[in-house]
Amino acid sequence: MDFQAEPIRDASRAGDYGRVIELARKGRQMTQAALGQALDMSQSAVSRLEKRGQASYSTDVLAAAAAHLQIPPALVGLADGRTAQVQVRDDDPMHRRTVLGGALAAMTAPILAAVPDTHDTIGGQAAALRLTTSAYRRLDGTTPSRDLADAVEGHIRLIQTITRTATGDAERARLAAMGSEAASFAGWLAWDKGDHGSARSWYGGAVKAARTAHNPLLTAYQIGTLAQFEAHAGNGVEALNLARRARRVLGEQGPAVADAWLLTVEALGYAVAGDRRGADRALAGSRTAAEALTAGQEPPPWPWVFSFTPDKVAACRVTCGARLGLPEWVLAEDVEALATGHAKQRALLVLDIAGGRVEAAFAFASRALEAGLQYRSGRIVERARALRRSLTTASPPRVVRDFDERLHGVYP
């Protein structure tokens, strides 16, 4: 999307921020209904927003639309809040909360820049809460989960408080959807800390809140997320049962991205259960669906935030190959091409790759372990320990002895 294009610049200079949003939406081949679903607004409300001209705007709605369409904030009249790099002291929980609060305030500064206009705030409160959850997700890439968890749980308590005071079923449903998204992220943080019991509890709460929101697509997504967690936790049969339940909730009208993604969840479930044929079949189906999605360039509907590409299927194949003990699945892929995402995501994939490349396994794993120690990720450290247990030799080489020294005494 070219935000330097003259029509967008002219609309921005004229203060016609609705026109900026319209041009960005069309540039991303998104319908008004799809944008409305992402912002918790009706299609007609999006239409009114785009035709608002030079009138006043709700700042939180502008911020939410800019975040979803990736519009530079300045083009819709908002300050460009940038997050400063901060150092967090491990021994001071109050300092951690203060630092994270300041970082989040910088990321969501457009919401606080002015008092929202009350003439057209359909879904504005829910959109602001969603933007806050998105800001925490961005922090996850550079912040230890242990430091984020308290702040996210406070955010969830705020959502619960606002929901209790909500009037009208539609408003409560919107807020329940926001609570579901936040609870799912809390589940991810607990999982990253290695606390599987809390992760299951949060994921279960996310499913329950999605049902309260009466949103089948969100409910299926959260059930599928729980299935993905169970697969990675080694519970292949439970993962497959949950994936099938997600498909039943979706019915026949689910979006293509849901099918492509659920097929990778099922592939991992089959791999953990030791079913190579089932995993291969699911991966082939997911690859076909992902290629069709890429060709169509259709933006994914919320709650899918990122596009689903063939590279993600290839990364899943590596993980399945590691679980099945199939080096040919692991080694067939381009490591550098697959190791995308933030540092913690790359570390987990590299550990899967290391499991299939014995001659260089601990050279790979040592780099991944460094990321796990840097971000204090229990999930990465436990995966590294599992890899170490897979090597049984009375005389380990130097790289393994160095690896053992790094693991010794970590998270006792």
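Residues are numbered from 1 along each chain as its sequence is written. In this predicted model, local features need pLDDT of at least 70 and side-chain atom pairs pLDDT 80 or more, while totals for chains, interfaces and linings use all residues; side-chain values use heavy atoms, with hydrogens and water left out.

The chain contains 22 helices and zero strands, both being DSSP runs numbered from the N terminus (helices H or I, at least four residues; strands E, at least two). Of its 412 residues, 50% are buried, where buried denotes under 20% relative accessible area, exposed over 50%, and partly exposed the range in between (1.4 Å probe, protein chains only). Among contacts (heavy atoms within 4.5 Å) with a separation of 6 or more, 67% join residues 24 or more positions apart.

The largest nonpolar core comprises 68 residues, and Phe308 and Cys320 have the most contacts inside it. Such a core is a set of buried Ala, Val, Leu, Ile, Met, Phe, Trp, Tyr and Cys residues joined through side-chain atoms within 4.5 Å. Beyond four places in sequence, the contacts of Phe308 include Val257, Ala260, Trp261, Ala290, Leu293 and Val313. Cys320 is one of the buried residues of helix 16, as is Val313. The 15 residues of helix 16 (residues 310-324) should span 21 Å, in agreement with the 21 Å between its end C-alpha atoms; the expected span is 1.5 Å times one less than the number of residues. Gly325, with a positive phi near 70°, follows helix 16.

Helix 2 (residues 17-27) is mostly covered, with eight of its 11 residues buried. Ile21 and Ala24 are among these buried residues, as are Glu22 and Arg25. The buried residues of helix 2 pack against helix 1 (6-13), helix 3 (32-39), helix 4 (43-50) and helix 5 (59-69). Gln29, with a positive phi near 55°, follows helix 2.

Four aromatic pairs were counted, defined by ring centres of Phe, Tyr and Trp (its six-membered ring) within 6.5 Å, with planes under 30 degrees apart taken as stacked, over 60 as edge-to-face and the rest as tilted. Trp188 and Trp191 form an edge-to-face pair, because their ring centres are 5.6 Å apart and their planes lie at 75°. These two residues are three apart in helix 10 (residues 169-192), and are therefore separated by about one helical turn. Trp188 is buried at 16% relative accessible area, and Trp191 is buried at 6%. Tyr203 and Phe229 form a tilted pair, 5.7 Å centre to centre with 45° between the planes. Tyr203 lies in helix 11 (residues 196-212) and Phe229 in helix 12, so this pair ties together parts 26 residues apart in sequence. Trp188, Trp191, Tyr203 and Phe229 form one aromatic cluster.

Thr219 also lies in helix 12 (residues 216-232) and is buried, at 5% relative accessibility. Excluding residues up to four places away in sequence, Thr219 touches Ala210, Arg211 and Val249. Pro255 lies in the loop between helix 13 (236-250) and helix 14 (256-272) and is partly exposed, at 23% relative accessibility.
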